[in-house]
Amino acid sequence: MDSIDPGMLPTERESNGISIRKYQPGDSSAIVEAVQESVATVGAWLDWCGSGYGPAEADAWIAHAISAWDKAEMFAFAVVDATSGDYLGGVGVNQIDQDNHSANLGYWVRQSYESRGVGTQAARLAVGYAFELLKLSRIEIVCAAMNRPSRRVAEKTGARFEGLQSGRLSVHGRALDAAVYSITAPAARRHA
Ligand SMILES: CC(C)(COP(=O)(O)OP(=O)(O)OC[C@H]1O[C@@H](n2cnc3c(N)ncnc32)[C@H](O)[C@@H]1OP(=O)(O)O)[C@@H](O)C(=O)NCCC(=O)NCCS
């Protein structure tokens, strides 16, 4: 990561009708709408996705995402329909460990677009970005063991199941066991 200049990186990647791109200040209302319709689905697994999420939360997230990108601390992408530009969710390369060239991958898809392959495609695009442009060598996905859709996204992105970790995640105040997956560059290429 040392030699990466975030200002020189492409801000968008597209494939199979899905685009992932850097967040923009104008994304606020689309994020709020997507979060609000997804409280029952995404909100079941991600604490921040609740009925109280509004423009202030979206604005703060966008500002954080842009600032962290510009410092190469985190690469959070809006997931959008490549044709219409409609906002579908988010995917992010975060918890970057610069010494070990590794990071965590997170993702979510708004309720009205789930089960259409959006999550898998977005994850594949972000993983490709991480290996090819950020020069990372390992991506970790940590999801609740009971979160079947998230585990399927990991598996379909080429991730290898490394095991269960007890109480690794806290979801709405409950300690949940997590399934830990890892992806390396060769495995990701086979599933691109
Ligand atoms: C996980 C998530 C991103 C998957 O997004 P998606 O666009 O629906 O995923 P895909 O369409 O690519 O489908 C991936 C797999 O999940 C399955 N799936 C998707 N929605 C499902 C649902 N509601 N119930 C059961 N399975 C579901 C799909 O069938 C597919 O599995 P298959 O290949 O065995 O058929 C989405 O469900 C989500 O946002 N969940 C809440 C947030 C979250 O858990 N994030 C991960 C944190 S690590």
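Which residues are buried in α1? In this predicted model, the buried residues of helix α1 are S28, I31, V32, A34 and V35. Seen down the axis of α1, these buried residues fall within an arc of 165°, so they line one face of the helix. An α-helix has 3.6 residues a turn, so residues three or four places apart point the same way. The other side of α1 carries S29 and E33, both of them exposed, whereas the buried residues of the helix pack against α2, β4 (87–97) and β5.

The loop that runs between α1 (28–37) and α2 (55–70) contains S38. With a relative accessible area of 0%, S38 is buried, and, once residues up to four places away in sequence are set aside, S38 touches G43, C49, R110 and Q111.

**Helix α4 and strand β6**

Helix α4 covers residues 148–156, and S150, R151, V153 and A154 are buried in it. Viewed along the axis of α4, the buried residues lie within an arc of 155°, so they line one face of the helix. The partners against which they pack are β5 (102–109), α3, β6, β7 (160–171) and β8 (174–184). Just after α4 comes G158, which takes a positive phi of about 100°.

One of the residues of helix α4 is S150, which counts as buried because its relative accessibility is 11%, under the 20% limit for that class. Leaving aside neighbours within four places in sequence, S150 is in contact with Y107 and C143. S150 and G119 are 31 residues apart in sequence, and their C-alpha atoms are 8.4 Å apart in space.

Strand β6 spans residues 138–144 and includes V142. V142 counts as buried, at 18% relative accessibility, and it touches N104, R168, L169, A178, A179 and V180 when residues up to four places away in sequence are not counted.

**Nonpolar cores**

The largest nonpolar core has 39 residues, of which F75, V91, V93 and L105 touch the most other members. Helix α3 (residues 118–132) gives the largest share of this core, nine residues. A second, separate core of 18 residues includes Y23, I62, A65 and M74. What does V91 touch, beyond residues up to four places away in sequence? The contacts of V91 are I20, F75, A76, F77, V79, L105, G106, Y107, A122, A123 and A126.

**Ligand surroundings**

The ligand is surrounded by 21 residues, and the closest are Y107, G117, T120, N147 and R152. Among these, Y107 is also listed as a contact of V91 and as a contact of S150.

| Residue | Protein atom | Ligand atom | Distance |
|---|---|---|---|
| V109 | polar backbone atom | oxygen | 2.8 Å |
| R116 | polar backbone atom | oxygen | 3.2 Å |
| E114 | N or O atom in the side chain | nitrogen | 3.5 Å |

Taken alone, the ligand exposes 920 Å², and the protein buries 75% of that.

Most residues other than glycine have a negative phi, and most peptide bonds are trans. S115 is exposed, with a relative accessible area of 78%.

K135 likewise has a positive phi without being glycine, with a value near 60°, and its place is in the loop between α3 and β6. Is K135 buried or exposed? At 51% relative accessibility, K135 counts as exposed, because the class begins over 50%.

How values were computed:
Residues are numbered from 1 along each chain as its sequence is written. This is a predicted model: local features need pLDDT of at least 70, side-chain atom pairs count only at pLDDT 80 or more; totals for chains, interfaces and linings use all residues. Side-chain values use heavy atoms; hydrogens and water are left out. Helices (H or I, at least four residues) and strands (E, at least two) are DSSP runs, numbered from the N terminus. Buried means under 20% relative accessible area, exposed over 50%, partly exposed in between (1.4 Å probe, protein chains only). Contact means heavy atoms within 4.5 Å. A nonpolar core is a set of buried Ala, Val, Leu, Ile, Met, Phe, Trp, Tyr and Cys residues joined through side-chain atoms within 4.5 Å. A residue is near a molecule or strand if one of its heavy atoms lies within 4 Å of it. A polar contact is a pair of N or O atoms within 3.5 Å; within protein, one must be able to donate a hydrogen and the other to accept it, and residues adjacent in sequence count only if both atoms are side-chain atoms. Accessible areas come from the Shrake-Rupley method with a 1.4 Å probe; for residues, only the protein chains shown count as cover. The arc is that of the directions from the helix axis to the C-beta atoms.
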